[in-house]
Amino acid sequence: MQRLRDAILDSGGKAVHADRAVDAWMLGRPVLEAFSEPRYALPRHARPALEAALAELGALARVVEEHPAEDGGRKLLLELGDGSRVETVLLPRDGLCVSTQVGCRVGCQFCGTGTLGLVRNLTTEELLAQVRLGRERQKVRRVVFMGMGEPAHNIESVLEAVATLHRDGRIGREQLVFSTVGHPRVFARLEECTPPPALALSLHSLDRDRRRVLLPRAPDVEPRELLAEAVAYATRNRHPLQVQWTLIAGRTDGLEEAEELASLVRGTRTVVNYIPVNAVDGLAFQRPSGEHIHALVARVQDLGVLTKVRWSAAQDATGGCGQLVARPKDRG
Ligand code: SF4
């Protein structure tokens, strides 16, 4: 968190003061209280500089609505400094789902964010501000870049946030999850990050034509090759790979395709996350029946692949996958 560090060091503070301020801010704690003990007292000129920096950071994002969900999740509607709105979702079990863009260019058919188009990328500080706001409300030990936006389209800011959250925010390397629709060049860039984040690949189909329809502006690459690249990245970096697969009745819920997916990842540390499609206003996709989902999961697991069904967190607060559109409640 360079802004805080610079404010303190440029106004006569020492490295120990800068470290304390950064630590408190990154952990969601009151920053000025970190200097209440006499032995850590700030030099006279450093305090106004620190207060000014904190005010600037506080103006990056503010919570305008909070929607608790029955599963313990909580969706936060945030207003950014320029009036743009994004959503951040507190997940059960100490997780936080962060938005990386206002809107998204990929336009996935099953996703509310995709209907917005891309407005702009978030800055690194805006990504970190989401984590601070989350940590002001609950413990956060896992950050997934799976909210609004495609992280690969804002990769420099996202990777700087990954490195900062690991170095200054005490979040473990496997607990920082970069989610992407995938592009072969992305994997090399992720590997240059310290640490390389864990990976979630939004695959949804092995059929190139079908995937092109579902994810109209994702890179048009052969899904099997994309999966192989993702598996290789995760293996090299000793991470588990998450394969995200939205289940849409009649389109992405075929047993044969599930068996092929299992055959492609068997023997690797891959988890298949089936996400029954969430209700999104104006989009008419159906979920498969509960029995069918159960049969799919059982088959893939029989083939030796760890499989989970992600009934998205905070769904009743429309904070589930594909439901983030940053619209205030009273505007439905
Ligand atoms: S699912 Fe992700 S990549 Fe696709 S439109 Fe929504 S936010 Fe963008």
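In the predicted model, strands β10 and β11 (residues 270–276) pair in the parallel sense over seven bridges, where pairing requires that DSSP finds at least two bridges between two strands. Helices (H or I, at least four residues) and strands (E, at least two) are DSSP runs, numbered from the N terminus. Within this pairing, Trp-245 stands opposite Tyr-274 in β11. A parallel arrangement also relates β10 to strand β9 (residues 198–202), here over four bridges; Ala-200 has Gln-242 of β10 as its bridge partner.

Residues are numbered from 1 along each chain as its sequence is written. Because the model is predicted, local features need pLDDT of at least 70 and side-chain atom pairs count only at pLDDT 80 or more, whereas totals for chains, interfaces and linings use all residues.

Strand β10 (residues 241–247) is mostly covered, with seven of its seven residues buried. A residue is termed buried if 20 or more other C-beta atoms, placed from the backbone, lie within 10 Å of its own, exposed if 12 or fewer do, and partly exposed in between. Both faces of β10 are covered: Leu-241, Val-243, Trp-245 and Leu-247 are buried on one side, and Gln-242, Gln-244 and Thr-246 on the other. Together with helix α9 (residues 255–265) and β11, strand β10 makes a right-handed β-α-β unit; the crossover is right-handed if, with the strands pointing away from the viewer, the path from the first strand over the helix to the second runs clockwise.

The protein chain is divided into domain 1 (2–58) and domain 2 (61–331), with bounds from an automatic or database domain assignment. The domain centres, taken over C-alpha atoms, are separated by 34 Å. Seven residues of domain 1 are in contact with seven residues of domain 2, contact being defined by C-beta atoms, placed from the backbone, that lie within 7 Å. Helix α2 (residues 15–26) gives the most to the side of domain 1 that touches domain 2, with three residues.

Overall, the secondary structure of the protein chain comes to ten helices and twelve strands. The radius of gyration, taken over C-alpha atoms, is 21 Å, close to the 20 Å that the globule rule gives for 332 residues, so the chain is as compact as a globular protein of that length. That rule is 2.2 Å times the number of residues to the power 0.38. Along its principal axes, the C-alpha trace spans about 70 × 45 × 30 Å. Of the 332 residues, 48% count as buried.

Notes. Contact = placed C-beta atoms within 7 Å.
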